[in-house]
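Trainee: Could we go through this structure together? I would like to begin with the terms.

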Amino acid sequence: VTHSIPACIGSMTINGKQLDNESLVSIFAVNKCYETVQDGTFFDGSGFAALVREGYKVRSDVNISLEFRTTAVHGVLLGVSSAKVDAIGLEIVHGKVLFHVNNGAGRITATYEPRGTNSLCDGKWHKLQANKSKHHISLKIDGNLVHTDNPYVQSTSADTNNPIYVGGYPADVKQNCLTSKTSFRGCLRNLVLTKGQHTELFDFSRAFDLRGVFPHSCPGAEH
């Protein structure tokens, strides 16, 4: 076995002596336990998860779906970029969700702004779907759909070749379709990327780089 257990461990004794959890010599990717836990991955607001080390190719079509829960009004949700300008990005800015796409000719953005007193940053689960189909992009939050016009109709393919960064990204990594550098604080679950007939559900415990991210356990309420 080469991977860690997604669980809580307490009251451990060795040779009849209880271990002191407070005086640790070293700690790595261990979080506190919560009395109420939900399915999901907890992002503590300091880091990111990096998926697909060899690079994810968005190209002409991709559909992204995920669920998120947060009380923060700013945070990166997901970014895939290239060394050039081609990229896609999902982020929360001032309580709005933005879906940016650049197929090479220029960035276009679909913006979802909750109406009235409704908030996406209320600590409750919200379902997000972001769709790029050639030069068309749309964003659906909790069943509410927004489209945006794209003046660059000849440019249809986002030729990305970098990893998928979720919840943030390293300081030395360029993201052409994200305006925020604020790491996401909250919980994510059910991240699925679909291209044509190919659907992939991403397991955060299989990320090649995890910083400030705790797979498989989401505190029942913000602490």
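Mentor: Helices and strands here are DSSP runs, of at least four residues for helices (H or I) and at least two for strands (E), numbered from the N terminus. Please keep in mind that this is a predicted model.

Trainee: What does UniProt place at residues 38–218?

Mentor: The UniProt record, an unreviewed entry, gives the feature "domain: Laminin G" for that range.

Trainee: And how much helix and strand does the chain have over residues 38–218?

Mentor: The chain there is 51% strand and 0% helix. The end C-alpha atoms of this range are 5 Å apart.

Trainee: Now Asn 150. Where is its place?

Mentor: Asn 150 is in the loop between strand S12 (144–148) and strand S13 (164–166).

Trainee: Is Asn 150 buried or exposed?

Mentor: Asn 150 has a relative accessible area of 12%. Buried means under 20%, so Asn 150 counts as buried.

Trainee: Which backbone atoms lie 2.8 Å from its side chain?

Mentor: One is the backbone oxygen of His 135, which the side chain of Asn 150 reaches at 2.8 Å. Another is the backbone nitrogen of Tyr 152, 2.8 Å from a polar atom of that side chain.

Trainee: Which residues does Asn 150 touch, leaving out those up to four places away in sequence?

Mentor: Asn 150 touches His 135, Asn 103 and Ile 108.

Trainee: A change of topic: which residues make the nonpolar surface patch?

Mentor: Ile 5, Ile 9, Met 12, Ile 14 and Leu 19 make a patch of about 500 Å². Leu 19 lies in the loop between strand S2 (17–18) and strand S3 (37–38), and is partly exposed, with a relative accessible area of 42%.

How values were computed:
Residues are numbered from 1 along each chain as its sequence is written. This is a predicted model: local features need pLDDT of at least 70, side-chain atom pairs count only at pLDDT 80 or more; totals for chains, interfaces and linings use all residues. Side-chain values use heavy atoms; hydrogens and water are left out. Buried means under 20% relative accessible area, exposed over 50%, partly exposed in between (1.4 Å probe, protein chains only). A polar contact is a pair of N or O atoms within 3.5 Å; within protein, one must be able to donate a hydrogen and the other to accept it, and residues adjacent in sequence count only if both atoms are side-chain atoms. Contact means heavy atoms within 4.5 Å. Patches are made of residues with over 30% relative accessible area and no salt bridge: like charges are joined within 9 Å, nonpolar side chains (Val, Leu, Ile, Met, Phe, Trp, Tyr) within 5 Å. Accessible areas come from the Shrake-Rupley method with a 1.4 Å probe; for residues, only the protein chains shown count as cover. A salt bridge is a side-chain nitrogen of Lys or Arg within 4 Å of a carboxyl oxygen of Asp or Glu. UniProt positions are given in the numbering used here, feature names are shortened, and annotations may be inferred rather than shown by experiment.
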